[in-house]
Amino acid sequence: MNKQEEKIRALQMNLDKLDNTIQVTKFEKKRKVELENGLFLDPKIYDLRNVEDFNLRFERNLAVFKAQNPTKTTQEFINNEVEKINNIEAEIKRVWSLSEYEYYNELSNDKEIIGYKKFYLNEYKDTTENEIKSIILRCNPRTKPSEFEDYRITLYKQKLNELPKINTVKTTQKKSFQIGLLLAKGEIYSKLIPQKGFRYYHLLKEFENPTQLSKHLNLSRQYINDSLKESKSNHNIYKSIKQMKDIIEYCEENKINVCENFKSKYLSLVEKPL
């Protein structure tokens, strides 16, 4: 290969390299979408595997959250999860803002680091404090705050936008309404079990009596007891046309399915002759 051919080959390689750089830059620019909060959209969100994994974890963790907190909403679950991520990111920013001296002092208070320093000084007696400091800092690097919004927060925001809009004007905070809503959704109920008698349920969790169920829900025992036992007292939600009507309207407005048992009890009250 003569010098002229070498020059042409080198020029072609440079052009190919430049073209590849341009393509990568275009690709990055295409993906680098700035959000309203000043951060950029996390490229991980373009990977469907991340989105599918998020959705699986979301459904599983939401089910656990609602089983442990029966009266709390999906919105409260999402807010809790977002807060956890924000707290981690806030700590990363705080640590990143420390000087090397401040960061090392924080590390020096850690029990593991204290043990490590003692071990190192005993085993390697010629090692200086500065050398140990250098090793500790190298083994415990700080994480630089990301310029991207965590893709999970972006997906949580989407989940929030998909939630039905709640009419806060008609939403009551009365305990009886919360219990009525659980009855309407079929999430609390009683069932006659052979050789056991009546058992009381929240979703699939079984309780021997309404008192145990009410403690689990942290809601009024009297309303739960009188409604599930269909007593003649004023604490039986199934006796109040107005309250049942309010609950059904609330469910309709917020696209919540009402169970057949609740509907039939409401209709029997409406159709009952005066």
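How many aromatic pairs does the count come to? The count comes to nine aromatic pairs, where rings of Phe, Tyr and Trp (its six-membered ring) pair if their centres lie within 6.5 Å, with planes under 30 degrees apart called stacked, over 60 edge-to-face and the rest tilted.

This is a predicted model, in which local features need pLDDT of at least 70 and side-chain atom pairs count only at pLDDT 80 or more, while totals for chains, interfaces and linings use all residues. Residues are numbered from 1 along each chain as its sequence is written, and side-chain values use heavy atoms, with hydrogens and water left out.

Colour the model by pLDDT (the predictor's confidence in each residue, from 0 to 100). The mean for the protein is 81, and 84% of its residues reach 70 or more.

Next, select Y189 and Y201. Their rings are stacked, at 5.1 Å centre to centre and 10° between the planes. Y189 belongs to strand 3 (residues 188-193) and Y201 to strand 4 (residues 197-202), so the pair ties together parts twelve residues apart in sequence; strands here are DSSP runs of E, at least two residues, numbered from the N terminus. Y201 is buried, at 6% relative accessible area, whereas Y189 is partly exposed, at 25% (buried is under 20%, exposed over 50%, partly exposed in between; 1.4 Å probe, protein chains only).

Then select F54, F58, F65, F77 and Y156, a cluster linked by ring pairs. Finally, move to K133, whose charged end sits over the ring of Y104 at 5.6 Å from its centre (NZ of Lys or CZ of Arg within 6 Å of the ring centre and within 35 degrees of the ring normal).

Methods. Helix = DSSP H or I, 4+ residues; strand = E, 2+ residues; numbered from the N terminus.
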